[in-house]
Structure formats: C-alpha cells, structure tokens
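Please look over the chain and its fold before reading on. The report below moves from single residues to the architecture as a whole.

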Amino acid sequence: MRLLIDGDLLQSHWLPDLRAWQRAGHSWWLLGRRGDNNAFCGGVRGQESVSYPDGLLDASALLADWLAPEQGKGLASDQAAHRQVLLSSASALLVLAKEQGLLTLGPSGADQPLPLDQALGPALTRLQARRLTLPCLRDTLVSFSARSPAAPHSRRGVPTSAICLRPLVAADASWIENYCLDPAMARYTLHIPHPYPEDAAHEWLQLCWRKQALGLAWSWAIWLDAQRGAAPVGTVSLSSQGSLAWWVGVPWQGLGIATRAGALVRDFAFASAHLPEVSACHMAGNLASGRVMAKLGMTDQGMAPLTERSACVVRHWRLRRDACSI
C-alpha cells in the first residue's frame, strides 16, 4: 500500500513506524506545499530507525489532479487508488480522497481517527486488519439456460452455465452503466436512480472498494461461464452486518441467476465470514426479489421503514446462521 502524509502532520515519533512500513513492502510519500523547503521533518538524519519518504508530492497539484484528473499527472489516475491511504487534516483533501477511493487517517474527519500523539504503526495495523479478502465464488450447478445477448428474449440455443462471482474492477463501469441506464432497473431497486447519472458507475465502484478496504462490505460481479469473454450480468454485495443486495441486468432476469448468486454469498457469509445472520429487503411491488429471499431460506419479517430512509417502507427478510443447514 502507499501512504500519503501531509507534511504539516508528520510527527518525529512516527518515523520508526514508517521505517517498519517500508520494510513490509509498502511506501510512503510526503505531501508539501509549493515553495515549502521543509520537505522532511524530524531532524534525526543518520539514525537507523528513521524512514525517509519514497517521494515528495505537491499537495496543491494532487488536489488539482483529483478535481480534474484528465489534466493531472499525479497519483489520482492510478487504478489501485483503493490501495492508498491519505493521512491529513485538510478537509478538502479528505473529501476528495474518499471520492477517489482512498482510505483516510487524520485527527478528524477521516475514515479512522489518529490523534497526533498516538503511534502510527498500530493505526496502520488496525486499518490493514480491517481489509477484507474478497475470494472468487463459483457455482458448478447448471440448472438454468442463459439467454443469448444477441437474442436476449430467447431461452434457446445457449448451453446451461455455471456462474462465478469475481471481484469488481475498474473496467466494470461500462457494463454496469449500460444495464443501469435501462429505466426498468430503477423501478424495483432502491439505489439505482433514473435517469442514471454520468460517472455513477465509477463512483459506485470507488465506494465498493473503500468499503471493502475498511472491512465494511464485499461486492462481486456475477459472471456466466458459458458467456466467457462477455460482460458480467449483474452484481451482488454483502455488508459486514449481513445485509445482502443484488441486481441482475434486465435481459438476464427470470433465469434463477439472483438465487444462485445469493446462495453463494449466503454460504460465504456463514462459512467464511462467520456472520450471525443474513438479511435483505425489497420494495413492496418487487415480488421476484421476495421469491429469491424465500428460496434462500429467509423468513419474512414484514414491512418496515429503511433505517437510512425512514420515508421508504420495504419488506424485510432474515435468516439466522443457527437456522441454516450450511
């Protein structure tokens, strides 16, 4: 991972921790201001435990790059943005870093607080410990026939297919946008608006990567084995609290894909993540999602408002680990 530290915050007691950080194969870069000659603070050169930065960055240039990435030459264009950490107290940098997919540390307003009098090493260790490993999940069943992309309303001529859930990548933004531009996707989904905003797919991917890095959620692309080389057909996500959510592109709906993807994630939640329960919800008119939840073994909990959107009343479902045979 790459750690970006605002030079105004760098503390001399962090230098041994930064040396250990580099020895572990990571790097750290110092953020300064244009014309700032104090490129490295600490005043303890020559000590073996001291760490020197792997590079220097102009904080103003980095900020400009995040505001206008097509004109910048900094680190914002790096597709591995979610493997970078910013340590700063500047609210503008923190906000834009989060939008770029970076993790943030700082005295206030960051993903994880770090008082300046505390050691840096334990904070970075805690941050790394919260990172979630995202495995590929594979279903070897072949119980449905996929519709051909060339003839999306036909169930003939395409062999049955196993499905694979793989981590999301930057290139997924294009097919996600193509599916979500369909107004039918917004009709029965809670978080896909219509019209679908420009760059919404890219921003959603950045959010998924940040949540994964912070230990808050897992997200996968749903990919069909029989369509090797074609785009995936949907996504599925699981929060660290056990909340399950998915969507499948309109041409692929009604084929049991959501049920099989949901079963893979349910099994992962109980067998690998050791979550006590899995929950899901759907809009009142989305009976198809309700059928999927029932097939996953969930129990109908009735209608209730969403915690984050009290005006939105949905039907809630739940499955406890001790009630599941997995």
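Is Tyr-179 buried or exposed? Tyr-179 is buried, with a relative accessible area of 16%, where buried means under 20% relative accessible area, exposed over 50%, and partly exposed in between, with a 1.4 Å probe and protein chains only.

This is a predicted model, in which local features need pLDDT of at least 70 and side-chain atom pairs count only at pLDDT 80 or more, while totals for chains, interfaces and linings use all residues. Residues are numbered from 1 along each chain as its sequence is written, and side-chain values use heavy atoms, with hydrogens and water left out.

**Overall make-up**

The secondary structure of the protein comprises nine helices and 14 strands; helices (H or I, at least four residues) and strands (E, at least two) are DSSP runs, numbered from the N terminus. Of the 326 residues in the protein, 47% are buried. The protein exposes about 16000 Å², of which carbon and sulfur atoms supply 52%, the accessible areas coming from the Shrake-Rupley method with a 1.4 Å probe and, for residues, with only the protein chains shown counting as cover. Among contacts with a separation of 6 or more, 63% join residues 24 or more positions apart, a contact meaning heavy atoms within 4.5 Å.

Five strands form an open sheet in the order E7-E8-E9-E10-E11, with antiparallel pairing; two strands pair if DSSP finds at least two bridges between them. Strand E7 (137–139) and strand E11 (244–248) stand at the edges with a single partner strand each, so one side of each is left without a neighbour in the sheet. From one strand to the next the twist averages 20 degrees, with axes taken as lines fitted to C-alpha atoms, for helices over the stretch in contact, and angles running from 0 to 180 degrees between N-to-C directions. Strand E8 (residues 163–167) is joined to the antiparallel strand E9 (residues 217–224) by five bridges, and Ile-163 has Leu-224 as its bridge partner in E9. Helix H5 (residues 173–180) lies across E8, E9, strand E10 (234–239) and E11, and runs at about 80 degrees to E11.

**Aromatic pairs**

The structure holds five aromatic pairs, where rings of Phe, Tyr and Trp (its six-membered ring) pair if their centres lie within 6.5 Å, and planes under 30 degrees apart count as stacked, over 60 as edge-to-face and the rest as tilted.

Tyr-179 in helix H5 and Trp-247 in strand E11 are 68 residues apart, and their pair links distant parts of the chain. Trp-247 is buried, with a relative accessible area of 10%, and Trp-175, Tyr-179 and Trp-247 form one aromatic cluster. Trp-218 lies in strand E9 and Phe-268 in helix H8, so their pair ties together parts that are 50 residues apart in sequence. Both Trp-218 and Phe-268 are buried, and helix H8 (residues 257–271) is itself mostly covered, with 13 of its 15 residues buried.

**Surroundings of Leu-87**

Leu-87 lies in strand E4 (residues 84–87) and is buried, with a relative accessible area of 0%. Leu-87 and Ile-5 are 82 residues apart in sequence and 4.8 Å apart in space, C-alpha to C-alpha. Not counting residues up to four places away in sequence, the residues that Leu-87 touches include Leu-3, Ile-5, Trp-14, Leu-105 and Leu-120.
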